[in-house]
Amino acid sequence: MKTECLSEHVKLKGKIYPCTVSLTMDLVGGKWKAVILYHLKDEPKRYSELHKEMPSVTEMTLSLQLKQLEKDGLVSRKVYGKKPPIKVVYSLTEFGKSFVPILEAITEWGNRVVREKGEFVSG
């Protein structure tokens, strides 16, 4: 049996996966989820702050990905105030914080790839 899976299947919140890698990629995979987690790793942020740091993501995509990360327990959403304008702040949960070492490893790997095979560009 491979080390990534200690049984034939794994189950989380009623969903069955063929292995733990599949489970992990469902939680943090895709183009934006890990990027959102990266931007929240050091401090909580408002939606507008996240969007400013990720200008190429559409508002709808950012909103949907935040909802999915919240549903999966990686991000928490805290609403301040009862009447508009309300303040909404996103932050990593303890579960989300457990992914930070992996984010840092991904960042370092990406930096190494760019140094060896690509280039850093401004603007």
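A residue counts as buried under 20% relative accessible area, as exposed over 50% and as partly exposed in between, with a 1.4 Å probe and protein chains only.

**Figure 1. Overview of the protein.** The model is predicted, so local features need pLDDT of at least 70 and side-chain atom pairs count only at pLDDT 80 or more, while totals for chains, interfaces and linings use all residues. Residues are numbered from 1 along each chain as its sequence is written, and side-chain values use heavy atoms, with hydrogens and water left out. Of the 123 residues of the protein, 28% count as buried. The C-alpha atoms fill a box of roughly 55 × 45 × 25 Å along the principal axes. The secondary structure comes to six helices and five strands, where helices (H or I, at least four residues) and strands (E, at least two) are DSSP runs numbered from the N terminus. From the N terminus on, the order of the elements is β-β-α-α-β-α-α-β-β-α-α. A contact means heavy atoms within 4.5 Å. Among contacts in the protein with a separation of 6 or more, 38% come from residues 24 or more positions apart.

**Figure 2. Close-up of helices H1 and H2.** Helix H1 covers residues 20-28, and helix H2 covers residues 33-40. The two helices, H1 and H2, pack at an angle of about 70°, and their axes are 7 Å apart. Axes are lines fitted to C-alpha atoms, for helices over the stretch in contact, and angles run from 0 to 180 degrees between N-to-C directions. H1 and H2 are therefore roughly perpendicular to each other; the classes are roughly parallel under 35 degrees, roughly antiparallel over 145, roughly perpendicular from 65 to 115, and oblique for the rest. On the H1 side, Asp26, Leu27 and Val28 meet Lys33, Ala34 and Leu37 of H2. By class, this contact of H1 with H2 has four nonpolar, no polar and two charged residues. Ala, Val, Leu, Ile, Met, Phe, Trp, Tyr, Cys and Pro count as nonpolar, Asp, Glu, Lys and Arg as charged, and the others, Gly among them, as polar. Thr24 also lies in H1 and is partly exposed, with a relative accessible area of 33%. Between Thr24 and Ala34, ten residues apart in sequence, the C-alpha to C-alpha distance is 11 Å.

**Figure 3. Close-up of helices H2 and H4.** Helix H4 spans residues 59-71, and H2 packs with H4 at an angle of about 75°, the axes being 10 Å apart. H2 and H4 are therefore roughly perpendicular to each other. Lys33, Ile36 and Leu37 of H2 meet Leu62, Gln65, Leu66, Gln68 and Leu69 of H4. The residues of this contact of H2 with H4 divide into five nonpolar, two polar and one charged.

Figure 4. Lys13 is in the loop between strand S1 (10-12) and strand S2 (15-17). Most residues other than glycine have a negative phi, and most peptide bonds are trans. Lys13 has a positive phi of about 50° although it is not a glycine. With a relative accessible area of 62%, Lys13 is exposed. Gly14 belongs to the loop between S1 and S2 and is exposed, with a relative accessible area of 60%. Gly14 and Asp72 are 58 residues apart in sequence, and their C-alpha atoms are 12 Å apart. In the loop between H2 and strand S3 (45-46) lies Asp42, which counts as exposed at 67% relative accessibility. Asp42 and Val100 are 58 residues apart in sequence and 9.4 Å apart in space, C-alpha to C-alpha.

Figure 5. Pro85 is located in the loop between strand S4 (75-80) and S5. A cis peptide bond joins Pro84 and Pro85, with omega about 0°. Ser91 is part of strand S5 (residues 87-92) and counts as buried at 18% relative accessibility. Leaving out residues up to four places away in sequence, Ser91 touches Pro44, Leu74, Val75 and Ser76. The charged end of Lys87 sits over the ring of Tyr80, 5.7 Å from its centre. A charge sits over a ring if NZ of Lys or CZ of Arg is within 6 Å of the ring centre and within 35 degrees of the ring normal.
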